[in-house]
Amino acid sequence: MSEYNEDVELYIPHPFGVKPKGNFYFDSFNKDFVDSRKLGLGLFSVFEDNFIIDSILDLLNAEELTKTINLVSKAFYIYVQEEEQWKMRTINKFSNGEFKYHHSWQYTYKSNCDKSFSTEPIPIQVKYFYSDYLFHIHRCATVDLEQFEHGDSIDRRTNLTLEEFTRDYLIPNKPVIISDACKNWAAKNWTRETLAERCGDVKLYINAGVFMNVKDFFYYSEHCKEEMPMYLFDHYYGEKVPSLLDDYSADAYFKEDLFSVLGDKRPSFRWLLAGPPRSGASFHKDPNHTSAWNAVITGRKKWVMYPPHVVPPGVYPSDDGLEITAPSSIIEWFINFYEKPSNIEKDSLEQQQKENDKKNTRFKLKDKKVNINQQKQNNNNNNNNNENEEIETYETVKPLEGILHAGEMIFVPSGWYHSVLNLEESIAITHNFIDSNNLLKVVDFMATKKKKDLYNEFTNKIEQAYPGKLESLRNAEKEKQEEIKRKEEERLKNKKKSIWETTTNDSNNVPTSKSFSFSFGDLSDNDD
């Protein structure tokens, strides 16, 4: 008899005793069982958990929550403790970053509003309270990230010459990790302490919409424990702390920079990144179809990448590709879709999208909702329509994945879907760029936008700086496509014909109007 070896996830108990709804049935046989949610909410029990938190409790101020609602019942007590609502209250009140994070977001809000506040709450365990919504948030905030660390299918190279990089990765538009790309950088000596000292009181942008100094942010990063941590994501660090730009250079592989023709009108192209475990970036394509490089200074980052024509599971791009709907947190995608894309059925995807919709209200996501069937439609549109070729989807194409360690750099090709999960606290730098290899993709993408200001400005500047470059690249691309078409036609012509084709096709392998039939004789001759 074979043993059952499937890994079982070990859950960390919820701090307030919340359990998934699946426990309700068996617990209901206990002699002391009582439905704490129904009893504690009364008429409000008909509402879903996210509605109670986002639409009812959100109408009340902090004092009303803690001094009134918090005392109504054990059920309302649990809802008041939900952390994300306190995070939003803190960010909305202190958007300038004038707050210090301590203990939890509820404590942070209260202690920064009232400097004399110093009572650290002790969680109360509530028995027989069931909520998939609240428990899933807790699960995402505590799940062990080690289970996502395996997988190493992205090419990893050392001593890579510029010629090898250009031939093997840049021109083919293929990802690669360059393990020794940062060996001569002064930036490799950055730490949370030295970076905080270098930046001083300068406030950098955090993706939650606030500005914080680096020291305060790293204190938060060290102590937070949440599903969607804040992430330092500043694109003006070079202007705010210019000396940081002197500590690194990627010219060994990425010297050509055609976006620079725009000068001060150039869109954001470089970012200083830092964040705790579970932070990072959900699935996206880099803006304007630019390519990018990303270098890790400290920590480790998990990368998952899909080629441009393969939409990742659980991800729904809009018709024009400008917007993407995805699970509301990075860790949620890894829990629901990582390692099991082929087992996700339509009903499961629809249920997941409903759960995401609940969170979209709270996290104020503005992504356009896309029909559940659009993922397959997009794949069909982006693939070759040759009937002899298999349509590639996430069910047939495995993603490229790998861990980017400190001192390593990854090349992110134009148009590739990618998601990045920080496995531990990380500091990184990333630059987006345009070179001769992706220039046409960028220009063609800009032309699809309703506003043509950037397109007109960029193409005019390129023509001024590099006369005839766009025309030359288009001619070369046309010749390339014609050569591909010629080889494909030659392949089909030389392809060994099947018995059916020899019967129904002409000498040019084109189906004719001829046909043949067979039968078992005239039915009228039967004896019956």
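I took helices (H or I, at least four residues) and strands (E, at least two) as DSSP runs, numbered from the N terminus. On that basis I counted 19 helices and 15 strands in the protein chain.

**Entry 1: basis.** I noted that this is a predicted model, in which local features need pLDDT of at least 70 and side-chain atom pairs count only at pLDDT 80 or more, while totals for chains, interfaces and linings use all residues. Residues are numbered from 1 along each chain as its sequence is written, and side-chain values use heavy atoms, with hydrogens and water left out.

**Entry 2: the whole chain.** Of the 528 residues of the protein chain, 47% count as buried. I then looked up the accessible surface (Shrake-Rupley method, 1.4 Å probe; for residues, only the protein chains shown count as cover). The surface comes to about 29,200 Å², and 51% of it belongs to carbon and sulfur atoms. For contacts I required heavy atoms within 4.5 Å. Among contacts between residues at least 6 apart in sequence, 77% join residues at least 24 apart.

Entry 3: I checked helix H7 (residues 105-113) and found eight of its nine residues buried, so H7 is largely enclosed by the rest of the structure. The buried residues include Trp105, Tyr107, Tyr109 and Lys110. Against which helices do the buried residues of H7 pack? I found helix H4 (62-72), helix H5 (74-81), helix H6 (83-93) and helix H11 (214-223). Helix H8 (residues 132-142) is also mostly covered, with 10 of its 11 residues buried. Among the buried residues of H8 are Phe135, His136, His138 and Arg139.

**Entry 4: Tyr219.** I located Tyr219 in helix H11. Tyr219 is partly exposed, at a relative accessible area of 34%. Leaving aside neighbours within four places in sequence, Tyr219 is in contact with Tyr101 and His102. The C-alpha atoms of Tyr219 and His102 are separated by 8.7 Å, although the two residues are 117 residues apart along the chain.

**Entry 5: H16 and H18.** I examined helix H16 (residues 439-447) and helix H18 (residues 469-494), which pack at an angle of about 105 degrees with their axes 10 Å apart. Axes here are lines fitted to C-alpha atoms, for helices over the stretch in contact, and angles run from 0 to 180 degrees between N-to-C directions. Angles under 35 degrees count as roughly parallel, over 145 as roughly antiparallel, 65 to 115 as roughly perpendicular and the rest as oblique. H16 and H18 are therefore roughly perpendicular to each other. Leu439, Leu440, Val443 and Asp444 of H16 make the contact with Lys469, Leu470, Leu473, Arg474 and Glu477 of H18.

**Entry 6: positive phi.** I noted two residues other than glycine with a positive phi: Asn159, near 50 degrees, and Asn288, near 60 degrees. Asn159 lies in the loop between strand E1 (156-157) and helix H9 (162-170). Asn288 is placed in the loop between strand E7 (280-284) and strand E8 (291-298). Is each of them buried or exposed? Asn159 is exposed, at 61% relative accessible area, whereas Asn288 is buried, at 8%.

**Entry 7: Val46.** I placed Val46 in the loop between helix H2 (36-41) and helix H3 (49-56). At 68% relative accessibility, Val46 counts as exposed.

Methods:
Buried means under 20% relative accessible area, exposed over 50%, partly exposed in between (1.4 Å probe, protein chains only).
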